[in-house]
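Trainee: I would like to learn how to read the surroundings of a ligand and the packing of helices. Could we go through them slowly, one feature after another?

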Amino acid sequence: MDKASIRHRSLGCVLLVVLLGMQAASAQPPPAKEVMRQKLAHAQAVLGAVVTSDWTALGRESRALMALTKDPAWVALVTPDTRHRTDSFVLALQDLISSADRRNLDDAVMAEVSMNLQCVRCHQLMARQKRGQ
Ligand code: HEC
């Protein structure tokens, strides 16, 4: 093989790597979707922790959800219309964390239901806005 065709081949390899890299990057969900996916996973874990009275997991998962509300991808999603829902969501999370710290099952159940309500309410509000209602 002469030098020119070797150079050609290695150029082809570099291009392939770049293209594959670009494909991998575009396959990644946008930050907002990623934050929502994480939210769902933690919310499911919260339910699991409440029904098994696993206070360590409840504290950990509620704090993880609280941290997500401070994620720039989440903050960017909050509009003046959904601000109220975010505040209620954060309040429910504070109740969850405190019930985990106090190991109070009655409070934990109420806070869990209240948190789930805020998930649905915020999505409902956004769906209505999309339909222009
Ligand atoms: C303050 C408003 C708000 C609250 C509260 C909220 N979400 Fe969302 N959620 C959004 C927005 C905005 C989107 C759309 C994001 C996007 O794709 O641009 C969304 C989308 C989603 C999606 C779909 C993501 C996808 O792949 O399209 C899931 C799942 C989700 N949220 C889960 C939850 C769960 C679980 C909770 C409660 C623990 C919750 N959300 C609470 C605003 C909220």
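Mentor: Let us begin with a term: helices are DSSP runs of at least four residues, numbered from the N terminus, and the model in which we look for them is a predicted one.

Trainee: Which element gives the most to the shell around the ligand?

Mentor: That is α2, which contributes seven residues. The elements that give two or more residues to this shell are α2 (31-51), α5 (83-102) and α6 (105-130).

Trainee: Which residues come nearest to the ligand, and how do the classes divide in its shell?

Mentor: Of the 18 residues around the ligand, the nearest are M36, A43, R85, C119 and C122. By class, the shell holds ten nonpolar, four polar and four charged residues.

Trainee: How should I read the angle between two helices, for instance α2 and α3?

Mentor: The general idea is that angles over 145 degrees count as roughly antiparallel. Here the axes of α2 and α3 come within 9 Å and cross at roughly 155°, which means that α2 is roughly antiparallel to α3. Their contact includes V35, H42 and A43 of α2 together with L58, S62 and L65 of α3, and by class it has eleven nonpolar, three polar and two charged residues.

Trainee: What are the crossing angle and the handedness for α3 and α5?

Mentor: The axes of α3 (residues 55-68) and α5 come within 9 Å and cross at roughly 155°, so α3 is roughly antiparallel to α5. The crossing is left-handed, and among the residues making the contact are W55, L58 and S62 of α3 and L93 and I97 of α5.

Conventions
Residues are numbered from 1 along each chain as its sequence is written. This is a predicted model: local features need pLDDT of at least 70, side-chain atom pairs count only at pLDDT 80 or more; totals for chains, interfaces and linings use all residues. A residue is near a molecule or strand if its C-beta atom, placed from the backbone, lies within 6 Å of it. Ala, Val, Leu, Ile, Met, Phe, Trp, Tyr, Cys and Pro count as nonpolar, Asp, Glu, Lys and Arg as charged, and the others, Gly among them, as polar. Axes are lines fitted to C-alpha atoms, for helices over the stretch in contact, and angles run from 0 to 180 degrees between N-to-C directions. Angles under 35 degrees count as roughly parallel, over 145 as roughly antiparallel, 65 to 115 as roughly perpendicular and the rest as oblique. A crossing is left-handed if the near helix is turned anticlockwise from the far one by less than a right angle, and right-handed if clockwise. Two residues are in contact if their C-beta atoms, placed from the backbone, lie within 7 Å.
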